[in-house]
Amino acid sequence: MNAIELKDFLKYRFLSDVKYAPDGKSAAFVVSNCNEDENSYEGRLWFYDGELKQLTDLGSERSFIWEDERHILFPAVRSAAEKKRQTAKEQFTSYYRLDIHGGEALPAFTLPFAAGSIKKADWGYAVIGSIDMNFPDYYKMSDDERKETAKHYEDEKDYEVLDEIPFWLNGQGVTNKQRSALFTYIDGEVKRITRPEFDMGSMVIIGSDIFFNGSAFTDKYDIKNGQIYKYSVETDEITTVVNVPELSIGSMLEVNGKIYVSASDCERYGVNENSWVYVLDPVSYDFKLLQKQECSMYGIVGSDCRLGGGAMWQAKGDSLYFIATREGNAVLNKLLPDGSEHTVIGKAGSIDAIALSENNSKALLIALYDNKLQELYSADLTSGEITCLSHFNDEALEGKYVADYNTLHIQSEGYEIEGWVMLPKDYDPEKTYPAVLDIHGGPKTVYGPVFYHEMQLWAGMGYFVFFCNPKGGDGRDNEFMDIRGDYGGTDFKNLMDFTDAVLKAYPQIDPKRVCVTGGSYGGFMTNWVIGHTDRFCCAASQRSISNWLSFHGVSDIGFYFATDQNKADFFTQPEILWEHSPVKYADQVKTPTLFIHSDEDYRCPLEQGLQMFTALKARYVPARLCLFHGENHELSRSGKPLHRVRRLTEITDWFEKYSK
């Protein structure tokens, strides 16, 4: 068998956003791929009604909604006039209507703002769109007024004025005075519902009412957004229906006429606390706790072989179905009206998106199963039987060595830690091999037995690859997830204990040729590891945290996350933040270290990597930093294809240099 090669991911297909039509007889989804020549991604709509059929082929279709049983709406820029408006940086979103039974997509309507989520109702559409607080009524402007606004932006392009936090967001750039607003679109008329300073969260439509949440702010965003509002399309009035200021509200979804709400007060386990489930009666406004959920209600199993998302919560009958991360797997669970919960689809792997219908007894899943790339699956909700419906990625892996995941459990610091070991291609127990310890991000994420391109690449090149889920990760309860005030403590010990166990279980690994890498929290931990042990022959620290004190002031989440995760106030307890900062220990580093950072990463900003890089170079420790222009925190998952090639080349070459 041939080894998986570094550029093979350019051939992979990525599935997302599967949705049933209203009658449940057919479904549509998005299939994306890399375009190496254009250094970009393409997306196309596909259709399933027992057979698979491609619907579009321009390569720019990345999202859609069902308008009715026969028609799909999707945003696109297709006409010459639209392309001219786009070049002029005019704010608009054009929607096209496609008949699933054939014919070209035709213009449906155009909204005078950048639209995000859109939902259809009997009376029209509810849309979440972007606004600038300086020009909140842009959507009402005449052509001449919009030209004046465009001139203002052109005149100001060399300047940024910041007067609130966060002032930027990862993947969005500078967001000062930018908000997500609620709009309605009825009979060709657009109306902004929320006031300019309000930033939208979730929305649910019940009849002629839109229930929504969010947060209004002018100086500092507050993660506590415990209000739910109702906008009546009939009366044009907004009513506050829930007011629990201490709550941080996440998802909302209608389930059998009620509104299910995930929310947490963040008091027990901080901002990463798993939310409880509440139920809101849309008539009486009664708001009550349904379930004290202590585990994750989302899929968070790591992989570098996804692009785009999809629904993780869906209603069917009187129950809420949701993707749940349990240990190293993302499964499908069901929450009943009495608050009880059980697993419906528990197959090992990762369900990435779901589609359910009241008129169909089966669910559609986009999933990473059986150590393969994403495919579309049908799942019987009664028996749990799963059937693979697509074969988009069979050819990409045909004849390739795909390493299995050998499970290894250990006891460490009073916890059972689960991990996996991948054997190198053509493994010979009489030989010795180098190895890679890969540390997941988050920290509230997990690794699991799912296809991961970079790990398979290294296994194919002759490395053992091993990874685990230390304390601080997802997949278990709140107590296991909580490492506030203990970053670099129990989690570090878990990782080193797991490394010891792997070396003991596989003596074929040369302990002098073990590499370590990780991104985000995994980058933090890589920085921490090299400052506390020199057991690794080299390290690759990606999009990392090195200094909690500066992170507090520059990260888009720093002003609350640094304090929360270190259980220390920035102003009165800076010594605690410094104690948990890897750069404090940089004078002890001997390990040759590669740093990977992006200049538009506002989650773990570039200066974090630069601090560690400078500290090592100042002490003549071999170090290299590869800076990616125009990329953000998602470089390894959705960065430009050729940038992803360069990133993985840099890391792999570093390993080769110091381990072989």
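**A walk through the predicted model**

N371 is buried, with a relative accessible area of 12%. Buried here means under 20% relative accessible area, exposed over 50% and partly exposed in between, with a 1.4 Å probe and protein chains only. The phi of N371 is near 60°, a positive value in a residue other than glycine. N371 sits in the loop between β29 (360–369) and β30 (375–380). Helices (H or I, at least four residues) and strands (E, at least two) are DSSP runs, numbered from the N terminus.

The model is predicted: local features need pLDDT of at least 70, side-chain atom pairs count only at pLDDT 80 or more, and totals for chains, interfaces and linings use all residues. Residues are numbered from 1 along each chain as its sequence is written, and side-chain values use heavy atoms, with hydrogens and water left out.

E327 also has a positive phi, about 55°, although it is not a glycine. Its loop runs between β25 (319–326) and β26 (329–335). E327 counts as partly exposed, at 38% relative accessibility.

Next come two cis peptide bonds. One joins I165 and P166, with omega about 0°. P166 is in the loop between α2 (143–155) and β12 (168–169). The bond from G442 to P443 is cis too, with omega near 5°. P443 belongs to the loop between β35 and α4 (453–460).

Now the sheet. Four strands form an open sheet in the order β10-β11-β14-β15, with antiparallel pairing. β10 (114–121) and β15 (189–192) stand at the edges with a single partner strand each, so one side of each has no neighbour in the sheet. Neighbouring strands are turned by 25° against each other on average, direction ignored. Axes are lines fitted to C-alpha atoms, for helices over the stretch in contact, and angles run from 0 to 180 degrees between N-to-C directions. Two strands pair if DSSP finds at least two bridges between them. β10 and β11 (residues 124–132) pair in the antiparallel sense over 6 bridges. The bridge partner of A114 in β11 is S130.

Helix α6 (residues 490–505) has 16 residues and reaches 22 Å from its first C-alpha to its last, close to the 22 Å expected at 1.5 Å a residue. The expected span is 1.5 Å times one less than the number of residues. Buried residues of α6 include F492, L495, F498 and V502. The buried residues of α6 pack against β33 (406–412), β34 (415–422), β35 (433–439), β36 (464–468), β37 (509–519) and α7. Contact means heavy atoms within 4.5 Å.

Helix α11 (residues 606–618) has 13 residues, which should span 18 Å; its end C-alpha atoms are 18 Å apart, which agrees. L606, Q608, G609, M612 and L616 are buried in α11. They cover an arc of only 165° around the axis, which puts them on the same side of α11. The buried residues of α11 pack against α7 (521–532), α8 (548–554), β39 (593–598) and β40 (623–628). After α11 comes Y620, with a positive phi near 65°.

The largest nonpolar core has 51 residues, and M525, W548 and L616 have the most contacts inside it. Such a core is a set of buried Ala, Val, Leu, Ile, Met, Phe, Trp, Tyr and Cys residues joined through side-chain atoms within 4.5 Å. Leaving aside neighbours within four places in sequence, W548 is in contact with residues including Y487, F524, F561 and L577. Apart from this core lies another, of 43 residues, among them F451, C537, A540 and F655.

Terms used: The arc is that of the directions from the helix axis to the C-beta atoms.
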